[in-house]
Amino acid sequence: MQTYLRGRDLITTQEWRKEEIETLLDVAFDLKRKRALGQPHAYLRDKVLAMLFFFTSTRTRASFEAGMAQLGGHAAFIESRTTQISHGDTAKEIGEILGRYFDGIAIRQCDWGVGNRYIREVADASRVPVLNMQCDIYHPFQILADLMTIIEKKGDPRGKTITVSWAYASSYQKPLSVPQSLILLMTRFGMNVRLVHPPEYKLMPDIVEQAAENARKHGGSLELMDDFDAGFKDADVVYPKSWGCWLTTEDPEESARIGQKYTDWIADERRMALAKPDAIYMHCLPADRNIEVTDGVIDGPQSVVYDEAENRLHVQKAAMALTMA
Ligand code: CP
């Protein structure tokens with residue numbers, strides 16, 4: 001166990017050692033148990049978290065805000081458009097100034113080629129920990145909640161097969177942050193990871209290489225596939241979700257045209273039946289219902305999406321308690 005994590009940023013799980021992540025999960029399970037028992041756990045009394053959003057959110061905002069209150073502190077919601085950022089406040093100024101008011105700064109900035117750089121500039125200037133609430137490259141808290149859910153449902157993740165697959169959606173060009181963070185973390189916990197997508201939907205080559213290296217070090221595997229049905233076959237965990245073809249085009253119209261070739265990439269009952277009988281269906285939400293996944297699958301007995309969403313609360317409380325105390 002690594003227990004001294006005060007002041008640490010959490011921008012990607014890759015920057016936390018495996019035993020530090022195990023500590024975070026251990027604390028998350030403890031906090032979940034305490035909440036279930038109604039036991040007080042005000043580890044962050046009088047502490048305040050700034051939550052700076054450049055993009056919409058349901059789960060992330062609600063779970064960070066509820067989590068800070070349950071830890072005895074407060075979370076301040078700051079929507080970027082209501083700040084002076086568009087009138088000149090730089091990332092360095094945000095880090096310097098918010099770091100003097102708050103005990104932690106959480107940021108969601110998902111713009112392609114911008115988000116991660118912005119969060120790192122704030123972190124460089126901040127005297128308090130910076131937490132990544134999702135950027136263009138990583139979504140660490142989603143994936144920590146996903147790992148917690150897999151452990152709850154499947155036990156030891158080592159040797160289990162998880163399929164991280166692209167699926168069609170029409171709503172918007174989603175970031176690469178969820179699939180990239182999934183392949184990075186699940187390979188460190190010994191899972192056999194299948195990454196499945198059409199050719200235009202590649203992830204960042206550097207991230208795929210890091211995931212392959214993680215698999216080599218930790219005894220799992222990373223397999224790249226382009227057959228949606230084959231990805232489901234005999235999997236323990238299926239995680240089909242949409243992402244944008246950012247490495248192919250940043251033009252939304254061209255992206256929509258490319259997506260039209262793959263509208264049959266929907267997670268449906270026939271495909272779920274290809275996975276193991278006790279396989280679980282995961283999705284970070286929001287999902288494009290009956291486009292990306294059928295109602296029958298997302299509302300069906302194999303879906304764990306609500307437990308997955310709940311676990312956001314517990315892992316985030318663990319991270320805040322460990323880094324902001
Ligand atoms: N999964 C997730 O991050 O949800 P929100 O976009 O609603 O925060």
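**View 1. The shell around the ligand, by residue class.** In this predicted model, the shell around the ligand is made up of two nonpolar, five polar and three charged residues. The residues that surround the ligand are Ser-57, Thr-58, Arg-59, Thr-60, Arg-108, His-139, Gln-142, Cys-284, Leu-285 and Arg-312. Cys-284 and Leu-285 count as nonpolar, and both belong to this shell.

View 2. An oxygen atom of the ligand lies 2.7 Å from a polar atom in the side chain of Ser-57. The side chain of Gln-142 places an N or O atom 3.0 Å from a nitrogen atom of the ligand. At Leu-285 the backbone is involved: one of its polar backbone atoms is 3.0 Å from a nitrogen atom of the ligand. Of the 260 Å² of accessible area that the ligand has on its own, the protein covers 93%.

View 3. The ligand takes up the space of the largest pocket. Because domain 1 (13–139 + 311–324) and domain 2 (142–308) both contribute residues to the shell, the ligand lies between them.

**View 4. The two domains of the protein chain.** The chain is divided into domain 1, which comprises 13–139 + 311–324, and domain 2, which comprises 142–308. Taken over C-alpha atoms, the centres of domain 1 and domain 2 are separated by 25 Å. The contact involves 26 residues from domain 1 and 33 residues from domain 2.

Definitions and conventions:
Residues numbered from 1 in each chain as written. Predicted model: local features only at pLDDT ≥ 70, side-chain atom pairs only at ≥ 80, totals over all residues. Heavy atoms only, no water. Near = heavy atom within 4 Å. Polar contact = N/O pair within 3.5 Å; in protein donor to acceptor, adjacent residues only side chain to side chain. Areas by Shrake-Rupley, 256 points an atom, 1.4 Å probe, with all protein chains shown as cover. 1 Å grid on protein atoms, 1.4 Å probe; cavity = no way out; pocket = protein on both sides within 12 Å on 5 of 7 lines; lining within 4 Å. Sits in = over half its atoms within 2 Å of the grid points. Domains from an automatic or database assignment. Contact = heavy atoms within 4.5 Å.
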